[in-house]
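The structure is shown first.

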Amino acid sequence: MDIKLKSVGEIQVVELDGDIDASTAPDVTKFVSELVKPHIRLLLDMTKVPYMSSAGLRTLLSLYRQITTKEGKLVLVGLSEGLIDTMSVTGFLDFFITTLSQEEGLAALA
Amino acid sequence: MERIDIHPTHSYESFKLRLGRPQPFGATIVPGGVNFSIFSSHATSCSLVLFEKHAKSPLAEIPFPDEFRIGNVYCMVVFDLDYENLEYGYRMDGPNNFQQGHWFDPSKILLDPYAKIIGGRDVWGVSPDWEDIYHHRGRIAFDDFDWGSDRPLEIPPEDQIIYEMHVRSFTRHESSGIKENHRGTFAGIRDKIPYLKELGVNAVELMPVYEFDEFENSRPNPQTGETLYNYWGYSTVGFFAPKAGYAATGKFGMQVDELKNLVKELHKHGIEVILDVVFNHTAEGNERGPTISFRGIDNKTYYMMTPEGYYFNFSGCGNTINCNNPIVRNIVLDCLRYWAAEYHIDGFRFDLASILGRDPWGYPLANPPLLESLAFDPILAKCKLIAEAWDAGGLYQVGSFPAYGRWAEWNGKYRDNIRKFLKGDGKVGEIAQCLQGSPDLYAWAGRAPATSINFITAHDGFTLMDLVSYNHKHNEANGENNNDGSNDNDSWNCGWEGETDDAAINALRRRQIKNAIAMLMISQGVPMLLMGDEVGRTQNGNNNTYCHDNELSWLDWHLQTKNPDILEFVKHCIAFRKSHPVLRNPNHFRNQDYMGSGYADITWHGTKAWNANWSEENQAIAFMLCGKHAKGGTVEDNYIYAALNMHWQTQWFELPALPQSLRWHVFANTGAILPSSYLPGTEPMLDNQSGLLVGDRSVVILVGK
């Protein structure tokens, strides 16, 4: 798992590269949790995440809870079609704003 | 402050361990590790066997140190496990003596009876590796679904309208039009919620969804060579795990979330979820069956054994769970509590429930502890408990199932009597009972009308279309020389066995289907509709399709366009029932005018008003419900009159006069040229208010408003 951070104005953009499963999820959690502060606007770009396991989805939901508690906003970008389907049938998708591209994601957070 | 129990005290090879907690049983995620706990009263030793997901041979076997056994429970925490990528089982040693009923065999790896996810049959119908040393593999579940504000709906029992369905059959057919990977799954049901809503049902009863093995006793069809499966799944492998092969995400091990999400979505749309649960036997079968779990863990505790060491077979499926043993009682209770609390399940239908009232030697108990425990359990307190009140050992308890004020029953007598009346056998006295929620069975015991789950068809037996198209079962495709399935169908083919081009016969069949639906939906009690009956689904006369994963079982969605009149009639009847509380009384009729309306709550009529003919051979009866007495007089409703003419001739029915300001309107007339029903609220007024012709084998329902 490769994690990159950049800022676009007030928005933090985190780009993930690799599968998110039980072994890599803690790294993602640790990295993002350290960014979370009140009113954070966070874009998680997952264009390069081919697979996310159940533990990965739980990590995302847990981050979402952390961020909304701090009145922040989270957008997921570039989820694969298969991942969208898995998230939809298991109920995870309902919690997130998702967009296809970083541009749309930034617009959703603006 | 940091807890001290997150630190290991023992180690075995590279694994860090400490004494676990005996409760809860099963594998539970705890800080730093997983707590494993399993009961056996006769084992002499136990090891935890760990696999990497899908691996052929174990990753490790960790024997429970002596000090990790508390009473008869082995419990241990193993730290630092990659539990998402893990499968586990147990190996137990102990006595092996057929006559004494002990079947310990340390060469077997055993499934945890409390496993919350079971791998091994992850995708439906994918042939297993028969050489695998461990077929049904326990996995570790996340119990952290985000339910938001969901909770079970607690719909009053008398207001329920149940739809009995098979998860795979509902959407497996390509005509379902949903995404290919959703067909035949929990996700597929979610995709079809709009259909269920439009139909109007407010509860789905899912045929078994606990993990089972579709390959149990699988074999080629002698006629076609096609594989015959254990398709219905009335043969449980694990009572705490959802069937992986029913989940679109089963291949990712996410069946728990997918089923929970389905429940949540159904609830969002006002639909309850009832599970058909099979606690009478397991997939381990008889003496020749496989050792999967219970048999190798504590055979003598879990099963009813003869003094010679054989399995009692009250289930007709090889073995019988020893339900009134205190240990077994607890696992049943734990299981139902788990489904009620973790999955927000609204109710349970117990397959062959009479077995649950037998003692360890098979004798029926007057006061069965298991049934009593379930009835009074605080966690299950709002769940519907529905008994299939008979078993394969000859116990038949419709009307006498030990109820404790809680248990409802599949009313087999309702089914039989309505079927007989429908084909012209008369017995209007019995029919009057059926229409009233079977007070003859339940009122004397203080049991409400909703005790009676009314059904004419269910998964066992003919579909409604086949009930009016076949005199005899045609089960040749099951490969048992037509010997399986019930011979007592009380069916009538309307003049030709099976499909026909004869327009008159087909018209009569449609009418008979509508007659049946009409009677079901105007009866007090709880109506249950079989999946597909609303569109005239056929199984080609097969009344036992337990083994068919094919078009015989699957719902063909094209039937909606083939039989739109049946579908519309069913929708109207359901809507009619929902708009008229007088059809959904919580208490039995008193046959009195206790509201001062000038009419008793229910009155009986015949071809002459106020004059029912109760003779045994009579084939026509009519009744009127007084709207002032709806729900015991607590709400106001219209008057309802229904004439059921199952005679082969048209008859004139004189109508009872309504209070002056009211007029009779026609909601349904199955004998009329289409439409045979109207959307409630749009019923046209009847021209002649004093009487009407009711066609041969027809039902007329009027609403007085």
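The model is predicted. For the 705 residues of chain B, a compact globule would have a radius of gyration near 27 Å, and the value for chain B is 27 Å, which agrees with that expectation. Along the principal axes, the C-alpha atoms of chain B fill a box of roughly 90 × 55 × 50 Å. The secondary structure of this chain amounts to 14 helices and 32 strands.

Chain A can be described in the same terms. A compact globule of 110 residues would have a radius of gyration near 13 Å, and chain A, with 13 Å, agrees. The box filled by its C-alpha atoms is roughly 30 × 25 × 25 Å along the principal axes. Chain A contains 4 helices and 5 strands, and from the N terminus on these elements follow the order β-β-α-β-α-β-α-β-α.

The table sets out the values for each chain.

| Chain B | 56% of 705 residues | 71% |

**Helix α5 of chain B**

How many of the 9 residues of helix α5 (residues 294-302) of chain B are buried? The count is 9 of the 9, so α5(B) is largely enclosed by the rest of the structure. The buried residues of α5(B) include the charged side chains Arg295(B), Asp298(B) and Lys300(B), and Phe294(B), Ile297(B) and Tyr302(B) are also among them. The cover over the buried residues of α5(B) includes strands β9 (86-93) and β11 (102-103) as well as helix α6 of chain B.

**Packing of helices α6 and α7 of chain B**

Helix α6 (residues 326-342) of chain B also packs against helix α7 (residues 369-376) of chain B, at an angle of about 25 degrees and with the axes 10 Å apart. Angles under 35 degrees count as roughly parallel, and α6(B) and α7(B) are therefore roughly parallel to each other. The crossing of α6(B) past α7(B) is right-handed. On the α6(B) side, the residues that meet α7(B) are Arg329(B), Val332(B), Leu333(B) and Leu336(B). Their partners in α7(B) are Pro369(B), Leu370(B), Ser373(B) and Leu374(B). By class, this contact comprises 6 nonpolar, 1 polar and 1 charged residues.

**An exposed loop residue of chain B**

Ser661(B) is found in the loop that lies between β29 (651-654) and β30 (664-669) of chain B. Is Ser661(B) buried or exposed? A residue is exposed if 12 or fewer other C-beta atoms lie within 10 Å of its own; Ser661(B) has 6 such neighbours inside 10 Å and therefore counts as exposed. Ser661(B) and Gly704(B) are 43 residues apart along the chain, and their C-alpha atoms are separated by 9.7 Å.

**The interface between chains A and B**

At the interface, 12 residues of chain A are in contact with 18 residues of chain B. On the chain A side, the elements that give two or more residues are α2 (54-69) and α3 (81-89). Of the elements on this side, α2(A) gives the most, with 4 residues. By class, the side of chain A that touches chain B has 4 nonpolar, 6 polar and 2 charged residues.

Notes: Residues are numbered from 1 along each chain as its sequence is written. Chains are lettered from A and ligands numbered from 1 in the order in which they are written. This is a predicted model: local features need pLDDT of at least 70, side-chain atom pairs count only at pLDDT 80 or more; totals for chains, interfaces and linings use all residues. Two residues are in contact if their C-beta atoms, placed from the backbone, lie within 7 Å. The radius of gyration is taken over C-alpha atoms; the globule rule is 2.2 Å times the number of residues to the power 0.38. A residue is buried if 20 or more other C-beta atoms lie within 10 Å of its own, exposed if 12 or fewer, and partly exposed in between; C-beta atoms are placed from the backbone. Axes are lines fitted to C-alpha atoms, for helices over the stretch in contact, and angles run from 0 to 180 degrees between N-to-C directions. Angles under 35 degrees count as roughly parallel, over 145 as roughly antiparallel, 65 to 115 as roughly perpendicular and the rest as oblique. A crossing is left-handed if the near helix is turned anticlockwise from the far one by less than a right angle, and right-handed if clockwise.
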